Amino acid sequence: NGTHAVGQNREKWLLNPGATSALHLEMFCFLGKLMGIAIRSKQYLALHLPSIIWKLLVQDPPLMEDLEAIDLHQVQSLHDMRHIDSQGVDRASFSDIFYETFTTVSSDQREVELVPGGSEMEVDFDSRLLRCTLVERYRLHEFDQQAGAVRRGLGSVVPPCLLALHCWHELEVMVCGRATMDLALLRSMTAYSSCEESDAHIQFFWEVMEGFSDEERSVFLR
């Protein structure tokens, strides 16, 4: 979505599905260890990862809504292909409008064959649904190997049996902290020196803080 400037989560990062070497997997494992340390020490990490990655880490099956959150164009394309008959396209006219093979483009922009020899197999009106199913299956699980390496590292610091008790967004909070800041709590815990909360410049300060986004408040506190 960030590449095409559409949809949500444009600022989030993905695990590279093409990073499959022993060194890459070892680095992903180390990332998992850092996550485990963040959980134990509460020294949170600024990891902007989408739901599809967090779900894989807790072994919660990702859904199409998770794919849409990272690649809106892909989900729309699959929907249009599945329901192309509603646009008046039939068996006779399909090949005049579409030229597709049993391949898809991965998140790191590689062409991937969905079946052996898929780049040489043309998709027709009847096989389009099979291609859509294969694309969906691949895109929902293209990060499995990398997420598995992260999970191994995480499990070496935090017992996997404990991780299984949490859903994906709870794990995100445990690793990254909460994305929203309770300004009322912050204000109630603030101590003043050589000034009073009722002073004009203090009131101006809190008005500015209220106008800040959560990210700006976080930057201010750091």
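Here are some numbered notes on this structure for someone opening it for the first time.

1. What you are looking at. This is a predicted model, in which local features need pLDDT of at least 70, side-chain atom pairs count only at pLDDT 80 or more, and totals for chains, interfaces and linings use all residues. Residues are numbered from 1 along each chain as its sequence is written, and side-chain values use heavy atoms, with hydrogens and water left out.

2. Confidence. On pLDDT, the predictor's confidence in each residue from 0 to 100, the chain averages 91, and 100% of the residues score at least 70. Helices here are DSSP runs of H or I with at least four residues, strands are runs of E with at least two, and both are numbered from the N terminus.

3. Helix α6. What should the 14 residues of α6 span at 1.5 Å a residue? The expected span, 1.5 Å times one less than the number of residues, is 20 Å for residues 128-141, and the end C-alpha atoms are 20 Å apart, which agrees. Arg128, Arg131, Cys132, Leu134, Val135, Arg139 and Leu140 are buried in this helix; buried means under 20% relative accessible area, exposed means over 50%, and partly exposed is in between (1.4 Å probe, protein chains only). The partners of those buried residues are α2 (51-57), α3 (64-68), α4 (72-82), α5 (91-97), β1 (103-105) and α7 (144-155).

4. α1 against α9. The axes of α1 (residues 22-41) and α9 (residues 168-176) come within 7 Å and cross at roughly 80°. Axes are lines fitted to C-alpha atoms, for helices over the stretch in contact, with angles from 0 to 180 degrees between N-to-C directions. The two helices are therefore roughly perpendicular to each other; the cut-offs are under 35 degrees for roughly parallel, over 145 for roughly antiparallel, 65 to 115 for roughly perpendicular, and oblique for the rest. Met35, Ala38 and Ile39 of α1 meet Leu171, Met174 and Val175 of α9, where contact means heavy atoms within 4.5 Å. By class, the residues of this contact are six nonpolar, no polar and no charged. Ala, Val, Leu, Ile, Met, Phe, Trp, Tyr, Cys and Pro count as nonpolar, Asp, Glu, Lys and Arg as charged, and the others, Gly among them, as polar.

5. α11 against α12. For α11 (residues 200-211) and α12, the axes come within 8 Å and cross at roughly 130°. That makes α11 oblique to α12. Phe205, Met209, Glu210 and Gly211 in α11 meet Glu216, Arg217 and Phe220 in α12. This contact has three nonpolar residues, one polar and three charged.

6. Two positive phi values. Most residues other than glycine have a negative phi. Lysine 42, in the loop between α1 and α2, has a positive phi near 60°, and the residue is exposed at 56% relative accessible area. Glutamine 109, in the loop between β1 and β2 (111-113), also has a positive phi, about 70°, and counts as exposed at 56%.

7. Serine 193 lies in the loop between α10 (183-188) and α11 and counts as exposed at 61% relative accessibility. Glycine 7, in the segment before α1, is partly exposed at 34%. Leaving aside neighbours within four places in sequence, glycine 7 is in contact with Asn1 and Leu72.
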